[in-house]
Amino acid sequence: LRALEAGSVSSSFTLGLSPELLEFLGSAVCVESVAAELSIRIEQHRVHGESQLLASEDLARLVSLQEVFRVLKGDLISEYARLHSGTRIELVTTMATKAPLTDIAAAPVAVQIQTRSAVQIFTRHFGFAPQGMVLTGAGYFSSFDGVLAKSGLRYAIVDHRAFGGANAALQFGTAAAVHSPNSGLAYVAADPFFQYWQPLSEHRYDQWYRDSKRRSVLPALDKKWGASAQGLNGQPKTRYVPVQGRQAAEQQAEAWWLSHRSRLNRATKKSDQPLFMAGVISASDLVGQWFEGPDFIQALGFIAGQDPGLALGTVSDSLDRVEVNQTTWLGPVISSQRAVMSLPYFAPRLEYITHRIRTAMNALQAGAQPGEIVERIRSMVSALLCAQAALALDGASSSHCIRECIEFVDSQSQVLQSYFDEGKMPEPMAVQLSWLDVFQSLDIQHLTTA
């Protein structure tokens with residue numbers, strides 16, 4: 001993004017940042033751990049680099065990362081905000097956690113807490129509210145429509161299957177937004193054909209693509225950053241040449257652009273208005289599994305900037321320019337983020353603790369309450385978010401997390417009920433549940449992978 005900005009390229013992107021990632025980036029833990037890990041990695045490459053095929057290339061990237069991190073003083077959120085204000089990117093949010101929304105939809109307050117928390121955390125970090133929300137993996141029910149609209153959102157990006165199950169035929173399919181008949185909220189479909197261009201290693205036929213995974217610069221992840229290139233059609237691996245790797249990424253970007261340009265032109269022939277397609281790619285796919293991912297995005301930006309007939313822009317820009325009005329109800333899409341083993345047992349219990357939180361919040365609205373009481377309810381909400389996020393995972397630690405959160409909410413709701421009934425101030429909390437701490441205690445890598 002900074003390279004495109006320096007080249008005065010007009011291309012821009014919509015960037016969805018999860019609340020978990022924002023909380024991490026805004027914490028002292030992020031600044032300290034990333035700075036320390038960069039120093040450790042650089043020192044390791046200098047000491048042991050002669051045994052790795054790509055030591056010099058990897059070392060150059062690490063030093064570049066360290067320099068950018070130093071210039072920004074670790075304040076990545078402010079840099080994102082600057083790029084947003086300069087129209088280089090449009091910042092949007094996701095749901096508060098990776099909870100399977102369609103599985104907790106029976107408790108509407110649970111979905112409301114997910115949405116409100118996401119918008120509040122985004123606003124707290126950036127000073128402005130997001131216009132959009134990414135729901136591609138969270139699932140979709142039409143009942144979410146009112147919740148999303150009340151949160152002040154303009155649009156939501158959903159799985160393309162929601163468009164396939166629409167109540168009425170869509171003349172332009174996924175090449176234009178669908179507006180809700182109820183709230184007017186715009187829904188944008190993630191382009192179903194974009195997935196064929198995701199850099200999955202088993203589908204790479206070009207021997208110049210990097211075989212290893214460049215996961216993250218944070219601890220406890222893949223340390224084997226140096227590797228050879230994948231051999232073509234089962235042939236022996238060859239030495240990776242960075243220049244040719246970048247050229248391969250640029251060629252893929254050009255092929256992707258020409259292919260989707262042709263598709264969009266065919267769709268536009270049916271309309272007297274311009275249309276658009278939204279390609280969605282995750283950060284882990286872009287840079288975690290693909291060494292040349294940043295080269296691909298940068299090349300795509302430069303190619304688009306030179307194309308007079310097609311623009312690479314943000315979702316909001318596309319909605320402003322495309323006046324086609326498709327209005328109907330979308331079809332349901334079940335969340336892909338669900339732990340099948342844990343779901344039947346814990347879903348009813350999550351509905352129960354949601355009810356306990358709702359009861360406490362209703363009582364709180366009766367009048368002014370001491371800060372201690374407000375803080376307890378905030379901690380209960382954090383516990384619910386953690387439990388919902390853990391519901392998307394199978395494993396002993398996720399089950400333990402859900403049990404801990406249920407017990408915490410149950411104990412706090414009993415204390416609050418006593419306060420509301422008798423007016424007796426409870427003792428200060430001996431422990432406060434920290435959303436960030438609970439996530440870091442799980443054997444998952446939501447924060448570090450992001």
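Analyst: With that, α15 passes α16 in a left-handed crossing. One caveat: this is a predicted model, where local features need pLDDT of at least 70, side-chain atom pairs count only at pLDDT 80 or more, and totals for chains, interfaces and linings use all residues. Residues are numbered from 1 along each chain as its sequence is written, and side-chain values use heavy atoms, with hydrogens and water left out.

User: At what angle do α15 and α16 pack, and how far apart are their axes?

Analyst: About 155 degrees, with the axes of α15 and α16 9 Å apart. Axes are lines fitted to C-alpha atoms, for helices over the stretch in contact, and angles run from 0 to 180 degrees between N-to-C directions. The pair is therefore roughly antiparallel (over 145 degrees; under 35 is roughly parallel, 65 to 115 roughly perpendicular, the rest oblique).

User: Which residues of α15 meet α16?

Analyst: On the α15 side, I373, R376, I377, S379, M380, A383, C386, A387 and A390. Their partners in α16 include C401, F408, L416 and F420. Contact means heavy atoms within 4.5 Å. The residues of this contact split into 16 nonpolar, four polar and one charged (Ala, Val, Leu, Ile, Met, Phe, Trp, Tyr, Cys and Pro count as nonpolar, Asp, Glu, Lys and Arg as charged, the others, Gly among them, as polar).

User: Why is α15 called largely enclosed?

Analyst: Because 15 of its 20 residues are buried, α15 is largely enclosed by the rest of the structure. Buried means under 20% relative accessible area, exposed over 50%, partly exposed in between (1.4 Å probe, protein chains only).

User: Switching topic: is R263 buried or exposed?

Analyst: R263 is buried, at 15% relative accessible area. R263 sits in helix α10, residues 242–268, and touches D191, F193 and M277, leaving aside residues up to four places away in sequence.

User: And where is S282?

Analyst: S282 is in the loop between α10 and α11, and is partly exposed at 32%. The C-alpha atoms of S282 and G16 are separated by 9.2 Å, though the two are 266 residues apart along the chain.

User: How many helices and strands are there in the protein chain?

Analyst: 18 helices and seven strands. Helices (H or I, at least four residues) and strands (E, at least two) are DSSP runs, numbered from the N terminus.

Definitions and conventions. A crossing is left-handed if the near helix is turned anticlockwise from the far one by less than a right angle, and right-handed if clockwise.
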